[in-house]
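Me: I would like to go through a structure by question and answer. Please show it first.

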Amino acid sequence: MSFREKSAWISFITLLVVFGFYFVSFSASLVAGGRLETTPSVVSAATAGMVVHAGFISLFSLLVVALIVSVVVLNIIVAVRSPAEAKSPQDERERLIALKAKRPAYFVLATFAWLSIAVLFLGGGAWVLANAVFFAIWLGELTNYGAQIYLYRRGA
Amino acid sequence: MSGNGITNHIRRLRFERGEMTQQALAERIGVTRQTVNAIEANKYSPSLEIAFRIANVFAVPLEQVFQYGEAPSKNK
């Protein structure tokens, strides 16, 4: 397995685990609330009258740091095991794989970004809409790395 | 990119050059070993530039490395 395929696996799994946890927690809070609106421990933000959920902002920040640290550390471990490959630039097949993976990723991102507008019609506020858009970005990134892994496994 | 009608004799050419490894060939043409493996297995068709580099390594004309036979048309 090449360095860049391992790197794609690292990004895919860490994204899936870290923000999978976030969205499971977020969904659980929506189910517990019974509606698409934030209620408990709400703080007002001065800008644009937005309402944010302090607990989830903290969790989100923590998970972003966890994601960055995990990806960096795991990539360093993989790079140490194959330093020459890690230092070399992408070859043409790797560039093609990266480009080809962007297509389904964009489709998923665009589809779910459009669908997130439905949140407003379901009575969700800005906080839920923001999470729906973030969910679309997350799915798009998972599709990107998933497609890369598929193409690496297939050969190209 | 497999099944496009392009085949190659890289495996045989490597064998004839003292069992040159995929890694050694990869280093000489500036790609990863996995890419050489994908080319050799007809899973990936390289660019013209890489194809010429491979031919140069073996010091043979391009057509002795790669061959093209019409792939079955999907439109028929």
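What follows is a short exchange on this predicted model.

Me: In what order do the elements of chain B run from the N terminus on?
Reply: Chain B has 5 helices and 2 strands. From the N terminus on, the order is β-α-α-α-α-α-β.

Me: At roughly what angle do the axes of H2(B) and H4(B) cross?
Reply: Two packed helices are described by the distance between their axes and by the angle between them. Here H2(B) covers residues 22–29 and H4(B) residues 48–58, and their axes come within 9 Å. The crossing is right-handed. The angle is roughly 115 degrees.

Me: How many nonpolar, polar and charged residues does the contact of H2(B) with H4(B) have?
Reply: From H2(B), Leu25(B), Arg28(B) and Ile29(B) take part, and they meet Ile50(B), Arg53(B), Ile54(B), Val57(B) and Phe58(B) in H4(B). Arg counts as charged, whereas Leu, Ile, Val and Phe count as nonpolar. By class, the contact has 6 nonpolar, no polar and 2 charged residues.

Me: What span does H4(A) reach from its first C-alpha to its last?
Reply: H4(A) runs over residues 92–115, which is 24 residues. At 1.5 Å a residue, 34 Å is expected. The span in the model is close to that, at 35 Å.

Me: Which residue caps the N-terminal end of H4(A)?
Reply: The backbone nitrogen of Arg93(A) lies 3.1 Å from a side-chain oxygen of the capping residue. Arg93(A) is buried, as are Glu92(A) and Glu94(A). The cap is Asp91(A).

How values were computed: Residues are numbered from 1 along each chain as its sequence is written. Chains are lettered from A and ligands numbered from 1 in the order in which they are written. This is a predicted model: local features need pLDDT of at least 70, side-chain atom pairs count only at pLDDT 80 or more; totals for chains, interfaces and linings use all residues. Side-chain values use heavy atoms; hydrogens and water are left out. Axes are lines fitted to C-alpha atoms, for helices over the stretch in contact, and angles run from 0 to 180 degrees between N-to-C directions. Helices (H or I, at least four residues) and strands (E, at least two) are DSSP runs, numbered from the N terminus. A crossing is left-handed if the near helix is turned anticlockwise from the far one by less than a right angle, and right-handed if clockwise. Contact means heavy atoms within 4.5 Å. The expected span of a helix is 1.5 Å times one less than its number of residues. Buried means under 20% relative accessible area, exposed over 50%, partly exposed in between (1.4 Å probe, protein chains only). A polar contact is a pair of N or O atoms within 3.5 Å; within protein, one must be able to donate a hydrogen and the other to accept it, and residues adjacent in sequence count only if both atoms are side-chain atoms.
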